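Dear colleague,

Please find the structure below, handed over for your study. My notes on what was found in it follow.

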Amino acid sequence: EETNDLTNLGLCLSVMSLDPTVGKMIIWSHLLGCARATSSMGVAMSYKSPFVLPPPFLRKQADDAKVQLSENSESDQITVLNVLRTKDDFARRGGDGRFFDYCRQNFLGVSTMNMVSDLRRNISRELGSLGFPPTNGSGYHNRSGDKDSAFLQAAIAAGLYPNIASRRRGESNFSTATNRKAKVHISSVNACKGQPLNGKSTIAEGDVEFIIFGEMTRGVTSFTMSNTTHLASPLPLLLLCGNLRVRPAEIK
């Protein structure tokens, strides 16, 4: 029976100062054991991109730096997480000056990175008021660590669903769940030259390539997806997202 009462998930999301999809992503991460890393990714998604727009003659250098920071994750969220890890390392060693140089070399905004770090503490307090354990603490909610991309991708998919798009071999654009044709936004690491999603799909015939996105906007000629993550496996979609329907096999 449907009512207008908030569910337990809805009550949690109403307390968090984040977009509901991002809040759901962070709550899922406590079950998946990657709460510390996902909280950082969620806060970064809720604020402006830390990457600054370089002049045209430095665009290639900026894209190369972004791809290097991604560490082959093919994920905007994990790319920013890698930067936050580096910032935390510099802070522990008292290297604020070196972090400034690091940001300058990688086309990152220092003020944006500092703001994201401050916002992480706010989210931790909000989660604590709901009875969640400290995001930086050890325990079941961080049992998977911060660097297992499979769990990080699962948390992103579970939170951002149904913001999903797919394509097949030979296709350049993606098809969303609402049957819209879309491509990766130019600001995404997945749009950089040489990345697998920047061009036609080269997957095996019969396979499907999936991408999770944070936001889709209408461009001049098509829709574009930002905050994207290329899913290495469809398993998070099968196990954590929506209702699973199995099509009956055709018997010949």
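Predicted model: local features only at pLDDT ≥ 70, side-chain atom pairs only at ≥ 80, totals over all residues.

Against which helices and strands do the buried residues of α3 pack? They pack against α2 (20–32), α5, α7, α8 (149–160), β4 (209–218) and β5 (223–230). Here helices (H or I, at least four residues) and strands (E, at least two) are DSSP runs, numbered from the N terminus. Packing is judged by contact, which means heavy atoms within 4.5 Å.

Residues are numbered from 1 along each chain as its sequence is written, and side-chain values use heavy atoms, with hydrogens and water left out.

Helix α3 is mostly covered, since 10 of its 11 residues are buried. Buried means under 20% relative accessible area, exposed over 50%, and partly exposed in between (1.4 Å probe, protein chains only). The buried residues of α3 are A35, A37, T38, S39, S40, M41, G42, V43, A44 and M45.

The axes of α3 (residues 35–45) and α7 (residues 110–129) come within 9 Å and cross at roughly 115 degrees. Such axes are lines fitted to C-alpha atoms, for helices over the stretch in contact, and angles run from 0 to 180 degrees between N-to-C directions. The crossing of these two helices, α3 and α7, is right-handed. A crossing is called left-handed if the near helix is turned anticlockwise from the far one by less than a right angle, and right-handed if clockwise.

On the α3 side, the residues that meet α7 are S39, S40, V43 and A44; on the α7 side, V116, L119, R120, I123 and L127 take part. By class, this contact of α3 with α7 has 6 nonpolar, 2 polar and 1 charged residues. Ala, Val, Leu, Ile, Met, Phe, Trp, Tyr, Cys and Pro count as nonpolar, Asp, Glu, Lys and Arg as charged, and the others, Gly among them, as polar. An α-helix has 3.6 residues a turn, so residues three or four places apart point the same way.

S40, found in helix α3, deserves a separate note. S40 counts as buried because its relative accessible area is 5%. Leaving aside residues up to four places away in sequence, S40 touches L81, L84 and R120. The C-alpha atoms of S40 and R85 are separated by 9.3 Å, although these residues are 45 apart along the chain.

The two pockets

Which residues lie nearest the centre of the second largest pocket? They are R36, S40, D88, R120 and N136, out of 21 residues that line this pocket. On a 1 Å grid over the protein atoms alone, a pocket is an open set of points where a 1.4 Å probe fits, with protein on both sides within 12 Å along at least five of seven lines; lining residues have an atom within 4 Å of a point. The second largest pocket holds about 440 Å³ of space, where a volume is the space filled by probe spheres set on the points, and grid points are joined across faces, edges and corners. α3, α5 (76–92) and α7 each supply at least two residues of its lining, and the largest share, 8 residues, comes from α5. The lining of this second pocket divides into 3 nonpolar, 8 polar and 10 charged residues.

The largest pocket has a volume of about 520 Å³. It is lined by 20 residues, of which Y161, I164, F210, L237 and L238 lie nearest its centre. β1 (164–167), β2 (174–176) and α9 (235–240) each supply at least two lining residues, and β1 gives the most, with 4 residues. By class, the lining of the largest pocket has 11 nonpolar, 4 polar and 5 charged residues.

Details of the backbone and loops

A cis peptide bond, with omega about 15 degrees, joins Y161 and P162; P162 lies in the loop between α8 and β1.

N72 is not a glycine, yet has a positive phi of about 60 degrees. N72 lies in the loop between α4 and α5 and counts as exposed because its relative accessible area is 68%. F107, also a residue other than glycine, has a positive phi near 60 degrees. F107 is placed in the loop between α6 (96–105) and α7 and is buried, with a relative accessible area of 11%.

With kind regards
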